[in-house]
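Hi,

Here is the structure I said I would pass on. Have a look at it first, and then read my notes below.

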Amino acid sequence: MVLDDLGSSLRGTLDKLRGKSRISEEDVDEIVKEIQRSLLQADVDVSLVMDLSDSIKERSLEEEPPGGTSARDHVLRIVYEELVGLVGDSTEIPLESQTIMLAGLQGSGKTTTAAKMAWWFSKKGLRPAVIQTDTFRPGAYDQAKQMADRAEVEFYGDPDADDPVQIARDGLEATADADVHIVDTAGRHALEDDLISEIEEIESVVEPDRSLLVLDAAIGQGAKDQARQFDDSIGIDGVAITKLDGTAKGGGALTAVDETGSTIAFLGSGETVQDIERFEPDSFISRLLGMGDLKQLTERVERAMEETQEGEDDWDPEDLMKGEFTLKDMRKQMKAMDNMGPLDQVMDMIPGMGGGLMDQLPDDAMDVTQDRMRNFEVIMDSMTEAELENPRSIGASQVRRIAKGSGQSEDAIRELLDQHKMMAQTMKQFQGMGDGDMQRMMKK
Ligand code: GDP
């Protein structure tokens with residue numbers, strides 16, 4: 001993820017401010033240096049970095065922290081606001097009928113992004129169609145078709161045709177029933193005149209509501225020329241950054257945003273159609289800084305719930321932060337997580353659980369593999385309501401009874417109880433994490 005190590009290095013530096021009510025110039029210098037180092041490593045343009053650090057420095061020293069705010073929270077809030085300013089707003093993508101055209105160099109991730117976006121729109125209740133006009137890259141048709149199938153969305157392409165403009169025209173006609181048309185275009189290794197004139201022609205036929213530039217997160221400052229040329233020819237309304245799972249960079253994409261006067265629309269972080277999210281500056285930065293992101297988590301949980309058809313378990317992740325963590329909570333959580341993807345990613349989204357805290361936990365604290373989950377399920381089925389609500393009441397004789405009832409060994413029961421204890425402790429740890437005010441401030 002972009003600026004991946006910023007959160008942890010910054011947390012370390014900020015922690016030195018704990019207990020202080022005023023901040024010194026040296027403190028600010030140290031923090032600004034950390035931020036500069038991370039941003040430059042992530043390929044963010046030097047002048048953008050300098051502007052940002054000046055602003056953080058000035059504001060930290062000059063602005064009066066609101067009453068009761070610690071020096072640490074004061075600086076953290078300023079850093080947060082400035083970083084949100086740096087990444088800019090999110091491109092507006094209304095949930096309505098529209099045509100979106102994708103542009104970018106070959107290999108940037110256009111075809112993948114087209115299918116991902118279609119999947120995203122379909123989850124929002126719209127009916128998307130992907131139109132593949134790439135006649136240049138061998139295999140583009142098959143790949144696009146396969147991905148659209150995986151996303152379970154409508155697809156149009158013509159492997160035998162060689163005129164992309166005609167394919168675009170036919171595609172729009174053939175998929176006229178769809179609400180959202182996503183038109184994928186051909187890329188080249190470098191920007192060549194024939195690519196530019198081809199894409200301009202497609203644009204004039206498609207008349208897109210928005211054109212998005214697809215950029216590999218690892219692109220670096222080469223993004224600048226590319227962005228300008230695409231912007232000059234078709235006008236770029238937003239950027240989709242791909243392959244964020246593979247790089248700690250991403251600064252080049254910010255340069256492209258700057259160059260085109262556009263904003264970031266989507267983030268891609270994997271090869272499957274679900275690995276896409278809307279870019280949301282505040283949640284993106286709070287996650288980066290390890291402040292978690294409840295909104296994202298809630299969305300994922302909702303999706304997971306829909307998919308498991310476990311609607312009656314109206315489990316709210318915020319419940320995790322309140323009260324006692326029972327075996328019932330653990331069971332619901334395991335079910336939901338089964339559908340949400342890797343646990344560490346989910347945990348990164350919970351306030352206070354990002355980066356640092358996960359590293360401090362024993363390796364197996366959150367290691368609930370599918371097999372173990374299934375055994376745990378069976379065991380829990382043999383427990384009484386009272387035991388599920390209050391696992392501490394389970395003594396040796398209950399362990400024996402549950403083992404017999406579930407056909408599992410007594411060790412397996414004890415393992416479940418240990419796992420629950422570890423998870424309960426973890427939950428308590430983040431319930432009790434400081435910065436309560438800060439988190440409330442960040443949660444809009
Ligand atoms: P195009 O030439 O612009 O259409 O690019 P493709 O969509 O074919 O993507 C090029 C390669 O990058 C493919 O192997 C994709 O699977 C891969 N790819 C695309 N997006 C992502 C991403 O977000 N993460 C990862 N790891 N790979 C990606």
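This is a predicted model: local features need pLDDT of at least 70, side-chain atom pairs count only at pLDDT 80 or more; totals for chains, interfaces and linings use all residues.

H181 counts as buried because 25 other C-beta atoms lie within 10 Å, and the cut-off for that is 20 or more. Leaving aside neighbours within four places in sequence, H181 is in contact with T99, A129, I131, L172 and T175.

If you want to find the pairing on screen, go to M101, whose bridge partner in β4 is V183. Strand β1 is also joined to β5 (residues 210–216), by 4 bridges, and those two run parallel as well. There, I100 has R210 as its bridge partner in β5.

Next, T133, which sits in the loop between β2 and α6 (140–151). Is T133 buried or exposed? It is buried, because it has 32 C-beta neighbours inside 10 Å. Not counting residues up to four places away in sequence, T133 touches P164, I167, A168, V183, D184, T185, A186 and I202. A161 is 28 residues from T133 in sequence, and the distance between them is 9.3 Å, C-alpha to C-alpha.

Some of those names come up again in helix α7 (residues 164–174), where the buried residues are P164, I167, A168 and G171. They cover an arc of only 100° around the axis, so they lie on the same side of α7.

Now for the ligand. There are 19 residues around the ligand, and G109, K110, T111, T112 and G268 come nearest. Which helix gives the largest share of that shell? It is α5 (residues 110–123), with 3 residues. By class, the shell has 14 polar and 5 charged residues, and no nonpolar ones.

Stepping back to the whole protein chain, the secondary structure comes to 20 helices and 8 strands. Of its 444 residues, 43% count as buried. Taking contacts between residues at least 6 apart in sequence, 77% join residues at least 24 apart.

Finally, a word on confidence. The protein chain averages a pLDDT of 81, with 78% of the residues scoring at least 70. Residues 309–315 have a pLDDT below 50, and this stretch has 6 contacts in the model beyond near neighbours in sequence. The pLDDT also stays under 50 over residues 434–444, where the model has 11 contacts beyond four places in sequence. For the complex, the predictor gives an ipTM of 0.99 and a pTM of 0.67.

Cheers

How values were computed. Residues are numbered from 1 along each chain as its sequence is written. A residue is near a molecule or strand if its C-beta atom, placed from the backbone, lies within 6 Å of it. Ala, Val, Leu, Ile, Met, Phe, Trp, Tyr, Cys and Pro count as nonpolar, Asp, Glu, Lys and Arg as charged, and the others, Gly among them, as polar. pLDDT is the predictor's confidence in each residue, from 0 to 100. Two residues are in contact if their C-beta atoms, placed from the backbone, lie within 7 Å. A residue is buried if 20 or more other C-beta atoms lie within 10 Å of its own, exposed if 12 or fewer, and partly exposed in between; C-beta atoms are placed from the backbone. The arc is that of the directions from the helix axis to the C-beta atoms. Two strands pair if DSSP finds at least two bridges between them.
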